Amino acid sequence: MVLVLRNHDLKEIAEHSRGSFPVEACGILVGRKENDEKIVERVYRARNILASQSRYQIDPEELWKVFDETERESKEVIGFYHSHPYWSASVSEIDRSLAFYPGCSYLVYSNSNDEVRSYLWNGEEFEEERVKIV
């Protein structure tokens, strides 16, 4: 799979990540699947209720709202994003232990490296996926 992200959405994620520093930023990616691409059409910022530098948890109320709104608009949640304030954009063991949505993309933005990478959660492990910026 390829995660397709518009340049202004990437800027939104980077700004949210820098603005939340040193706490991990997090959010939800909404869009559609087309052939072998997941096309992000909307980025929702979310509150990290853990307010942690090394873990995140999206506010369950916000998550429910986005899932509900997305369903009403005939879209789908295709992934999530979070930042690593001090580390690379690789998934961590903590990220692996908190992945709950098979088939979704987990995009990681590194504040320290100004780098973005995405991973597909298959229910057991992460597989890196290509990010295409348009």
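Is arginine 45 buried, exposed or partly exposed? Select arginine 45: it is partly exposed, with a relative accessible area of 42% (buried is under 20%, exposed over 50%, partly exposed in between, using a 1.4 Å probe and protein chains only).

Before moving on: this is a predicted model, where local features need pLDDT of at least 70, side-chain atom pairs count only at pLDDT 80 or more, and totals for chains, interfaces and linings use all residues. Residues are numbered from 1 along each chain as its sequence is written, and side-chain values use heavy atoms, leaving out hydrogens and water.

Next, pick glutamate 37 and lysine 132, another salt bridge, with closest N and O atoms 3.3 Å apart. Glutamate 37 lies in strand 3 and lysine 132 in strand 7 (residues 126-133), so the pair ties together parts 95 residues apart in sequence.

Then go to helix 2 and show Leu63, Val66 and Thr70, which are buried. Turn to the other side of helix 2 for exposed residues: Glu61, Trp64, Lys65, Glu71 and Arg72.

Last stop: just after helix 2, click serine 74, which takes a positive phi of about 60°.

Note on methods:
Helices (H or I, at least four residues) and strands (E, at least two) are DSSP runs, numbered from the N terminus. A salt bridge is a side-chain nitrogen of Lys or Arg within 4 Å of a carboxyl oxygen of Asp or Glu.
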